[in-house]
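Dear colleague,

I am passing on the structure we spoke about, together with a short account of what came out of going through it. Please have it open beside you as you read.

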Amino acid sequence: MVLRAAVEKLMQMLKRIRRWLFGDALRAFGTLSVVLAASLAIAPTTELFNQWHAYQRGYLRLVRFRADGNSLQRRFQPGLQQIWIPEL
Amino acid sequence: MSDEKKYIAGIESDQRKTPVRVAFVTRRTSPHVKAVDEPVMMTHPAAFLRFAIATEILLIVFVWMALLVNAPLEQIANPQVTPNPAKAPWYFLGLQELLHYFPPVVAGVLIPTLVIIALFIIPYFNVNIEGKPMWQENRTRRLRIFWPVFISFTMFLLVFDVYPAVVPTVLIGTLMALAAYSSPDSKRPWLWRKPLSFWIMTWFLLEFVLLTVIGTFFRGPGWSYVLPWRS
């Protein structure tokens, strides 16, 4: 009985959320606009936090304290470079 | 004292008697429009919001596909080595497949130009916007046009050995002939009901899909036929 009541309560809450988000066309449009904006924001965010980005930042921190740090920093090319090793 | 009126306000249909007339359109004399009360739905917001929602759903799906599925990245291009076969992007592979059969001027210039000219001039013709069945009116005259066009076009494709294009052409031509020799009361009324635009569009889509699939999956080195599951 308790479980049934809890499930019913949960279903009612889900229904209320669904009605609030997608109750009519205008609400659905608004909700989907937010989802689209969030989805579009994910691409640059993942680019910023990916693994190679962290390695490059670590490399720059490392070379800063070296004697030839200035020239290494000058020659450093940020971003992803594609290389091709024929032996591989 | 009283000014005599130089005109008579009223209805006069004799042009010789009163050659110059002024018509006063008042609320009472305005033309009566026969209007029927029909259910009305406004484009905005009823239709506009639906289109916008559909567009957003499509965009969200594409964005997530782009996020989750990486584009195939090949090795760095080498100008000394041309890949065999050099394939166009998938949406051009149908045209590239046509290019294999026809001379370059025909497939690369003539056919696209004819398509563009057709798109320009089609709106100047009666394009049967109501979607009337093709064989509803002037059936005999239309059959006299249909058979020579169908046979000559099939022969043209056979002369150039464009067998992949012959298959949809013969299929659609046969269905059109079946529709012509059926009636609304026959077993296939849906076939009889189809307008010419339906047949042309179906034929075009079949050609596009078939040629693109062949160009994408079944063409290998030297543009020879290969089986994709054997490579």
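To begin with where the two chains meet, the contact draws 14 residues from chain A and 14 residues from chain B. On the chain A side, the residues that touch chain B comprise 11 nonpolar and three polar ones, with no charged residue among them.

Please keep in mind that this is a predicted model. For chain A the mean pLDDT is 89, and 99% of its residues reach 70 or more. Within chain A, confidence is highest in helix 1 (residues 2-22), at 93, and lowest in helix 3 (residues 51-64), where the mean is 89.

Turning to chain B, its secondary structure consists of seven helices and zero strands, so that the order from the N terminus reads α-α-α-α-α-α-α. Chain B has 231 residues, of which 6% count as buried. When one takes the contacts in chain B between residues at least 6 apart in sequence, 59% of them join residues at least 24 apart.

One element of chain B that I looked at in more detail is helix 3 (residues 104-121), whose 18 residues should span 26 Å at 1.5 Å a residue, and this agrees with the 25 Å between its end C-alpha atoms.

With best wishes

Methods
Residues numbered from 1 in each chain as written. Chains lettered and ligands numbered in written order. Predicted model: local features only at pLDDT ≥ 70, side-chain atom pairs only at ≥ 80, totals over all residues. Contact = placed C-beta atoms within 7 Å. Nonpolar A, V, L, I, M, F, W, Y, C, P; charged D, E, K, R; others polar. Helix = DSSP H or I, 4+ residues; strand = E, 2+ residues; numbered from the N terminus. Buried ≥ 20, exposed ≤ 12 C-beta atoms within 10 Å, placed from the backbone. pLDDT = per-residue confidence, 0-100. Expected span 1.5 Å × (residues − 1).
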